[in-house]
Amino acid sequence: IASMSSSSSSSSSSVFSSGLRIAVATDSDPDNAASTRDDLPWMAALRERGARVDSCVWDDDEVRWHAYDVVLIRSTWDYIFKYERFLAFLDKLDALPAPRPLVLNPPSTVRWNSDKMYLKELAARGVPCVPTEFVDSDKFTAEQLVASVGERNDASFLRHDGATVHPLDT
């Protein structure tokens, strides 16, 4: 959005006075689907400047993504449990007809980092990363992993290779 509004306030207000339409992609969990408390101040500030800002569930087939100027992929936390559908959502955003909304971050970037193996790629390129142990195992279902993380109250993560959910122990 910063590139859509220059550093001058008159240019910034003209961008918003035209009614910039922003979709904030969230997940379908009732506890998460509404924008997080951290989002409320910036959403209110954009609305005060004339933008329309809507929280939209990413896998709701009724959302008309093409009707927005900007789609912000923000809190799609449940994508890991609907991974193929999430990838299809990213494909859908890429295939929207012109004029297409600005998608933040680009679907190709979101796709790349949706599988946490990207951390391994970054580390191999010399980018400092949190030390991570990658475990390939077909022994666990997603539900077992989530239950295990909750029981241990730790910060384990999941990797999805398109067919199986794998634990990633940090």
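## Arg-52 and Asp-54

Arg-52 counts as partly exposed at 43% relative accessibility, where buried means under 20% relative accessible area, exposed over 50%, and partly exposed in between, with a 1.4 Å probe and protein chains only. Its salt-bridge partner is Asp-54, with the closest N and O atoms 2.7 Å apart, and Asp-54 is likewise partly exposed, having a relative accessible area of 22%. A salt bridge here is a side-chain nitrogen of Lys or Arg within 4 Å of a carboxyl oxygen of Asp or Glu.

## Basis of the values

This is a predicted model, in which local features need pLDDT of at least 70 and side-chain atom pairs count only at pLDDT 80 or more, while totals for chains, interfaces and linings use all residues. Residues are numbered from 1 along each chain as its sequence is written, and side-chain values use heavy atoms, with hydrogens and water left out.

A search of the whole structure finds 7 salt bridges, among them one between Lys-82 and Asp-59 at 2.7 Å, N to O. Lys-82 lies in the loop between strand 3 (70-75) and helix 3 (83-94), and Asp-59 in the loop between strand 2 (52-57) and strand 3, 23 residues apart; helices (H or I, at least four residues) and strands (E, at least two) are DSSP runs numbered from the N terminus. Lys-82 is partly exposed at 28%, whereas Asp-59 is buried at 14%.

Arg-111 pairs with Asp-91, the closest N and O atoms being 2.4 Å apart, and this pair links helix 4 (residues 107-114) to helix 3 across 20 residues.
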